[in-house]
Amino acid sequence: FRSVFGALVGWATERAQARRYEALRLLAGSFLDLVRGLPTLKAFGRSRGQVRGIRERGDEHRRVTMAVLRISFVSSLTLELLATISVALVAVTIGVRLVGGGLDLERGLAVLLLAPEASLPLRLVGQHFHASQDGLSAAARALEVLEATAPRPGSRTDLPDPRATTIRFEDVVVARPGRPVPPPVRFAVAPGETVALVGPNGAGKSTLLSVLLGFVRPTAGRVLLETPVGEVDLAELDPRRWRERVAWVPQAPHLFAGTVAENVRIARPTATDEEVARALAEAGADFVAELPEGPATRLGERGAGLSEGQRQRLALARAFLRDAPIVLLDEPTAALDGPTEQRVLEAVARLAEGRTVVLVAHRPSLLQLADRVVRVPGPGADRTPDAAEVAR
């Protein structure tokens, strides 16, 4: 009975803690993102507007934490109470048998002293169960990633010429676990065209760029590369060979601990110093000349020592150095002030010349660089973006 009751308590506690842990993880991530963005908000005089948000996140974090602790304490109390009742039942049985003469005092005392030791494993199970829940929840998430079956990459190496290829999204859907399924996306990008993707947050604009890079496989639909001689499914191509023809500038480019030149040369390791300097100049990264050692100046991890705008221009320099016919830009002017944004826009315009460009944009200034704007509907929309394409 004691084991069955303990198992029932453990299962109920495990389910409750798993739900609370997920809520706590999401809250912690949201709170961390908000706090990390405070320096930028402070610089632009917008930090006061986030005071309420931080207070609300803090209060909700406290409520969820106390709920988890409450469940842990109640379940521990239940197991302790169960163990105490078990010892009490043994003591009552010993007393009755002593009074009836069916048990001598020496054996009765020995059994009574050993009874708590028999319940000790139950107490220890309760203690270690609660101590291990955070680790088990984190391990479960890690195992989900490790045990996930990666889609089989394509093997075709006869890639079409990107300068004569139309990229066509045919009813592409990328579903995420625990999130509403977005409507299918359908649009095309002609060779040498600049197309801007717009839509609400969470619509999947950055995910579409990940699909083009081959990092994400669509749940439904496909991406076709159309040439005058036929069409090829992007999933059939060797992803390494395909990425050699693509330059990617993410919204938050990662800079490694090393020199400025080394960070730019990631795009093409065989590039000479002159080619790196030319890429920096084309990206408008004139600030490099003012650094103590120029391109040889060492940066900290994640580009410590540079501003957001400077990091973005180094990412654009990578794209110039790669000199790929297809360019993917994910909010290249996000979190930039006016003058810096203008310099980045000029660099993006130079980068788009003679190339096929797909960019994710929110700001009107960035949309002005596009030949067409495609609106990506968010979850819950009932139409595809074809009707919402705006030709300039």
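**Words and their cut-offs**

Tutor: Leu69 lies in helix α3, which spans residues 51-100, where helices (H or I, at least four residues) and strands (E, at least two) are DSSP runs numbered from the N terminus. This is a predicted model, in which local features need pLDDT of at least 70, side-chain atom pairs count only at pLDDT 80 or more, and totals for chains, interfaces and linings use all residues. Residues are numbered from 1 along each chain as its sequence is written, and side-chain values use heavy atoms, with hydrogens and water left out.

Student: Why is Leu69 called partly exposed?
Tutor: Buried means under 20% relative accessible area, exposed means over 50%, and partly exposed is in between (1.4 Å probe, protein chains only). Leu69 has a relative accessible area of 35%, so the residue is partly exposed.

Student: What makes the nonpolar surface patch that includes Leu69?
Tutor: Met66, Leu69 and Phe73 make this patch of about 310 Å², an area that comes from the Shrake-Rupley method with a 1.4 Å probe, only the protein chains shown counting as cover for residues. Patches are made of residues with over 30% relative accessible area and no salt bridge, like charges being joined within 9 Å and nonpolar side chains (Val, Leu, Ile, Met, Phe, Trp, Tyr) within 5 Å.

Student: Why is helix α5 called mostly covered?
Tutor: In helix α5 (residues 205-213), 7 of its 9 residues are buried. The buried residues are Lys205, Thr207, Leu208, Leu209, Val211, Leu212 and Leu213, and just after α5, Gly214 takes a positive phi of about 85°. In the chain as a whole, buried residues make up 39% of the 392 residues.

Student: Why are α9 and α10 called roughly parallel?
Tutor: The axes of helix α9 (residues 308-322) and helix α10 (residues 338-352) come within 10 Å and cross at roughly 5°. Axes are lines fitted to C-alpha atoms, for helices over the stretch in contact, with angles running from 0 to 180 degrees between N-to-C directions. Angles under 35 degrees count as roughly parallel, over 145 as roughly antiparallel, 65 to 115 as roughly perpendicular and the rest as oblique, and α9 and α10 are therefore roughly parallel to each other.

Student: Which residues of α9 and α10 meet?
Tutor: Contact means heavy atoms within 4.5 Å; Arg313 and Leu316 are among the residues of α9 that meet α10, whose residues in this meeting include Arg343 and Val344.

Student: How do you know that Asp286 and Arg343 form a salt bridge?
Tutor: A salt bridge is a side-chain nitrogen of Lys or Arg within 4 Å of a carboxyl oxygen of Asp or Glu, and for Asp286 and Arg343 the N to O value is 2.8 Å. Asp286 lies in the loop between α8 (273-282) and β8 (298-299) and Arg343 in helix α10, so the pair ties together parts that are 57 residues apart in sequence. Asp286 is partly exposed at 45%, and Arg343 counts as partly exposed at 34%. Asp286, Arg313 and Arg343 are linked in a network of salt bridges.

Student: Why does Arg107 count as exposed?
Tutor: Arg107 has 57% relative accessibility, so this residue counts as exposed, whereas its salt-bridge partner Asp104, with the closest N and O atoms 3.6 Å apart, counts as partly exposed at 36%.
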